[in-house]
Amino acid sequence: MPVCGLSRLISQTIVCARVTGVDLILVWTEGSAVACERLCPHEQADLARGHLSGERLFCPRHAASFDLRTGRISYGWPYRTLRIYPTRIDDEQVWIDATVVNSRAI
Ligand code: FES
């Protein structure tokens with residue numbers, strides 16, 4: 001399903017979205033669109049308020065960071081990886097496969 005216009009994502013860098021009841025963020029990084037869960041796996045801070053450095057997304061609360069290619073959390077943090085969802089760009093829209101979002105939301 002289409003979740004965001006490409007030009008909007010490029011201009012805003014981080015955009016919130018909701019796909020079949022799951023809160024996500026879209027991130028424009030290194031020339032591509034990445035979708036991931038919105039809440040930090042540590043204490044559920046809103047990652048939409050985080051900041052980017054290259055392909056790392058930093059949590060706004062305690063500054064753990066996540067590799068947006070793998071979801072892996074920064075060294076020393078014993079928490080699970082961030083859920084990353086595949087995206088594609090077509091017709092100036094960012095698309096997400098809602099079935100994948102649902103299957104990984106649990
Ligand atoms: S809530 Fe994100 S690092 Fe603690």
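Modeller: This is a predicted model, in which local features need pLDDT of at least 70, side-chain atom pairs count only at pLDDT 80 or more, and totals for chains, interfaces and linings use all residues. Residues are numbered from 1 along each chain as its sequence is written, and side-chain values use heavy atoms, with hydrogens and water left out.

Biologist: What is the strand order in the open sheet of 3 strands?

Modeller: Strands are DSSP runs of E, at least two residues long, numbered from the N terminus. Two of them pair if DSSP finds at least two bridges between them. The edge strands here are β1 (2-5) and β9 (87-90), each pairing on one side only. With antiparallel pairing, the order is β1-β10-β9.

Biologist: What is the average twist from one strand to the next in that sheet?

Modeller: Axes are lines fitted to C-alpha atoms, and angles run from 0 to 180 degrees between N-to-C directions. From one strand to the next, the twist averages 30°.

Biologist: Which residue in β10 is the bridge partner of Asp-90?

Modeller: Strand β9 and strand β10 (residues 93-96) run antiparallel and are joined by 4 bridges. Asp-90 has its bridge partner in β10, and that partner is Gln-93.

Biologist: Is Thr-29 buried or exposed?

Modeller: Thr-29 sits in strand β3 (residues 22-29). Beyond neighbours within four places in sequence, Thr-29 is in contact (heavy atoms within 4.5 Å) with Val-34, Leu-52, Gly-54, Glu-55 and Leu-68. Buried means under 20% relative accessible area, exposed over 50%, and partly exposed in between, with a 1.4 Å probe and protein chains only. Thr-29 has a relative accessible area of 3%, so Thr-29 is buried.

Biologist: Which residue has its backbone oxygen 2.8 Å from a polar atom of the side chain of Thr-29?

Modeller: The side chain of Thr-29 supplies one polar atom of this pair.

Biologist: How many disulfides does a search of the whole structure find?

Modeller: A disulfide is a pair of cysteine sulfur atoms within 2.5 Å. For Cys-16, the closest cysteine sulfur is in Cys-4, at 10 Å, too far for a bond. Cys-16 is partly exposed at 37% relative accessible area, whereas Cys-59 is buried at 5%. The number of disulfides found in the whole structure is 0.

Biologist: What is the N to O distance in the salt bridge of Arg-18 and Asp-23?

Modeller: A salt bridge is a side-chain nitrogen of Lys or Arg within 4 Å of a carboxyl oxygen of Asp or Glu. The whole structure has 8 of them. Arg-18 is exposed at 53% relative accessible area, while Asp-23 is partly exposed at 36%. Between their side chains, the N to O distance is 2.7 Å.

Biologist: How many residues apart in sequence are the parts that Glu-37 and Arg-80 tie together?

Modeller: Glu-37 and Arg-80 form a salt bridge, with their closest N and O atoms 2.8 Å apart. Glu-37 lies in strand β4 (residues 32-37) and Arg-80 in the loop between β7 (65-67) and β8 (84-85), so the parts they tie together are separated in sequence by 43 residues.

Biologist: Which residues are linked with Glu-37 in a network of salt bridges?

Modeller: Glu-37 is buried, with a relative accessible area of 7%. Arg-80 is partly exposed at 39%, and Arg-83 is partly exposed at 22%. Glu-37 also bridges to Arg-83, with the closest N and O atoms 3.3 Å apart. The network links Glu-37 with Arg-80 and Arg-83.

Key:
A polar contact is a pair of N or O atoms within 3.5 Å; within protein, one must be able to donate a hydrogen and the other to accept it, and residues adjacent in sequence count only if both atoms are side-chain atoms.
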